[in-house]
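Please read them alongside the structure shown below.

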Amino acid sequence: VKKVYQRAFVQTKTEPSHTNGWLFFLLLSFFMGILYGNLFGEAERAVNLLGQYSYQTVDNEALFFYCFRQRLFPVVCLYFLGSSFAGNLFLLGFFFYVGFTTGAFLSIQIIGFGIGGVLIGAGSLLPHYLIYLPAYWILFRFVSYARSGEYPCPRWKGILLYCLRFLVLAVLICAGVWLESFVNPSILQGILKWLG
């Protein structure tokens with residue numbers, strides 16, 4: 001782990017704005033998730049749960065508030081704590097979580113449903129991830145910029161601008177949560193019924 005960290009970050013001057021090291025870590029965590037899903041994932045349980053889900057009525061409002069907490073909390077933590085002295089650790093944790101869980105989820109769906117698992121995996125991520133992924137990238141760029149300590153204006157204005165940018169980011173996340181809660185269930189249930 002130490003060698004991987006040094007190769008990805010120390011040799012890139014530990015700058016969070018250096019994308020190659022962070023993309024390398026994201027891909028590494030994604031493949032670790034795939035490995036975990038293949039070794040320890042409960043494909044049969046996933047098949048049974050998704051089979052039940054395809055015929056259940058979804059409480060969209062309850063799902064919205066659940067997703068809102070799950071999506072916004074880590075973004076808030078990373079945005080305001082990522083620029084601290086432990087910023088690299090927060091970014092590492094965030095990238096690992098996103099890569100690992102995505103890899104594990106997709107591999108379990110493919111094991112459980114075969115080639116249909118690709119459709120289920122894609123259906124589970126659309127359309128909300130079309131907003132989440134750009135929002136996560138914007139989040140990463142904002143945190144990297146704040147950690148560089150370079151402000152084109154007086155520091156207090158830079159801090160104010162940082163907070164205003166967070167509002168923009170929060171609006172994007174809320175839009176993604178709305179799509180995940182009110183649009184995605186219909187898409188996923190349609191795919192599951194079609195495959196079933």
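1. Setting aside neighbours within four places in sequence, L139 is in contact (heavy atoms within 4.5 Å) with V75, L78, Y79, F94 and L169. The model is a predicted one, in which local features need pLDDT of at least 70 and side-chain atom pairs count only at pLDDT 80 or more, while totals for chains, interfaces and linings use all residues. Residues are numbered from 1 along each chain as its sequence is written, and side-chain values use heavy atoms, with hydrogens and water left out.

2. L139 is also among the residues with the most contacts inside the largest nonpolar core, together with Y79, L91, F94, F95 and I173, and this core has 27 residues. A nonpolar core here is a set of buried Ala, Val, Leu, Ile, Met, Phe, Trp, Tyr and Cys residues joined through side-chain atoms within 4.5 Å, where buried means under 20% relative accessible area with a 1.4 Å probe, protein chains only. At least two residues of this core come from each of α2 (19–40), α4 (60–81), α5 (87–113), α7 and α8 (155–182), and the largest share, 8 residues, is supplied by α7.

3. G121 counts as buried because its relative accessibility is 0%. Not counting residues up to four places away in sequence, G121 touches F105 and L106, and its C-alpha atom is separated by 8.8 Å from that of S107, 14 residues apart along the chain.

4. P127 is placed in the loop between α6 (116–125) and α7 (129–148), and the peptide bond joining L126 and P127 is cis, with omega about -5°.

Methods: Helices (H or I, at least four residues) and strands (E, at least two) are DSSP runs, numbered from the N terminus. Buried means under 20% relative accessible area, exposed over 50%, partly exposed in between (1.4 Å probe, protein chains only).
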